[in-house]
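Me: Hi! Could you walk me through this fold with a few questions and answers?

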Amino acid sequence: MIEEKVTIPFTNGIPHDWSRVPAAMKAAITGCRSGALPWPLTLSGPVGCGKTCAALCMLDDVITGTRIFRTVTDLSDKLHHAKMTDVGEVLGMWDYLTGAELVVLDDMGSRKPSEMVVEAVLSLLDRRIGRATVITTNLTMAEISKVDMYGDRIASRLSAGTVVMPSLAKLPDMRRR
Ligand SMILES: Nc1ncnc2c1ncn2[C@@H]1O[C@H](COP(=O)(O)OP(=O)(O)O)[C@@H](O)[C@H]1O
Ligand SMILES: [Mg+2]
């Protein structure tokens, strides 16, 4: 008997469709999933090129396990709040993030992130080495490495994975179509 694959679409209010994911992103996603390319997967590109929608499509395909979508700001705010309230909550949050099947960290956009943001991103990347993790950003890898004094630490971890960059793919603004 062929089991029917049942997925509940992961919506955060944005409609998204795998058939509209740019080919360069599709290729990288497929490669990471098959193990041919290393995690984490960084989708870097200009605003509107479809990074968030591609990540949402990936979340749709997770059938078992936890799927997490967080903006970078969200992650850092939640961590900060947990730290202020209870150490147990911080540990619980990291367990949740570390054990998830897929974590999407959306919109790493600021050239001057707070130390807290950088710390949160670095911790997440270190805890999820080799696990399905996606980072979307409108910065290029060169721009990330120039981010204050911590940028090169993030860039080096991202470069160890798979990076889709605008220079590798001409990505149009899909909002303007
Ligand atoms: N795979 C997709 N399926 C459907 N619509 C898409 C898709 N990719 C992009 N779009 C359209 O383009 C807009 C911008 O895409 P988005 O993923 O938010 O870009 P980015 O995160 O790169 O800024 C979306 O709001 C949507 O209207
Ligand atoms: Mg986006």
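This is a predicted model: local features need pLDDT of at least 70, side-chain atom pairs count only at pLDDT 80 or more; totals for chains, interfaces and linings use all residues.

Me: Which residues of S4 are buried on one side and which on the other?
Reply: Residues are numbered from 1 along each chain as its sequence is written, while chains are lettered from A and ligands numbered from 1 in the order in which they are written. Strands (E, at least two residues) and helices (H or I, at least four) are DSSP runs numbered from the N terminus, and buried means 20 or more other C-beta atoms within 10 Å of a residue's own, exposed 12 or fewer, partly exposed in between, with C-beta atoms placed from the backbone. Both faces of S4 are covered, with Thr 133, Ile 135 and Thr 137 buried on one side, and on the other Val 134 and Thr 136.

Me: What is the order of the strands in the open sheet?
Reply: Two strands pair if DSSP finds at least two bridges between them. S3 and S4 run parallel and are joined by three bridges, and four bridges link S1 to S4, also parallel. Five bridges connect S2 with S3 (residues 102–106), again parallel. The five strands therefore give an open sheet, paired in parallel, in the order S2-S3-S4-S1-S5.

Me: Why is one side of S2 and of S5 left without a neighbour in the sheet?
Reply: The twist of this sheet averages 15° from one strand to the next. S2 (67–71) and S5 (162–164) stand at its edges. One side of each is left without a neighbour because each has a single partner strand.

Me: Which residue in S4 does Leu 105 stand opposite?
Reply: Bridge partners can be read off strand by strand. Phe 69 has Val 104 in S3 as its bridge partner, and Leu 43 stands opposite Thr 136 in S4. For Leu 105, the residue opposite in S4 is Ile 135.

Me: Which strands does H2 lie across, and at about what angle does it run to S3?
Reply: Axes are lines fitted to C-alpha atoms, for helices over the stretch in contact, and angles run from 0 to 180 degrees between N-to-C directions; contact means C-beta atoms, placed from the backbone, within 7 Å. H2 (residues 51–60) lies across S1 (41–44), S2, S3 and S4 (133–137). Its angle to S3 is about 165°.

Me: How many residues from H2 are in the shell around ligand 1?
Reply: A residue is near a molecule if its C-beta atom, placed from the backbone, lies within 6 Å of it. In all, 18 residues surround ligand 1, the closest being Gly 50, Lys 51, Thr 52, Cys 53 and Met 174. H2 supplies the largest share of that shell, with a count of four.

Me: How far apart are the axes of H3 and H4?
Reply: Lys 78, Leu 79, Ala 82, Lys 83 and Thr 85 in H3 meet Glu 89, Val 90 and Met 93 in H4. H3 (residues 72–85) and H4 (residues 87–99) pack at an angle of about 145°. The distance between their axes is 6 Å.

Me: How far apart in space are Ala 132 and Trp 39, C-alpha to C-alpha?
Reply: Ala 132 lies in the loop between H5 (115–127) and S4, and its 19 C-beta neighbours inside 10 Å make it partly exposed. Leaving aside neighbours within four places in sequence, Ala 132 is in contact with Trp 39, Glu 101 and Leu 102. Ala 132 and Trp 39 are 93 residues apart in sequence, yet their C-alpha distance is 6.0 Å.

Me: Is the peptide bond from Trp 39 to Pro 40 cis or trans?
Reply: Pro 40 sits in the loop between H1 (23–34) and S1. Omega for the bond from Trp 39 to Pro 40 is near 0°. That bond is cis.

Terms used:
Two residues are in contact if their C-beta atoms, placed from the backbone, lie within 7 Å.
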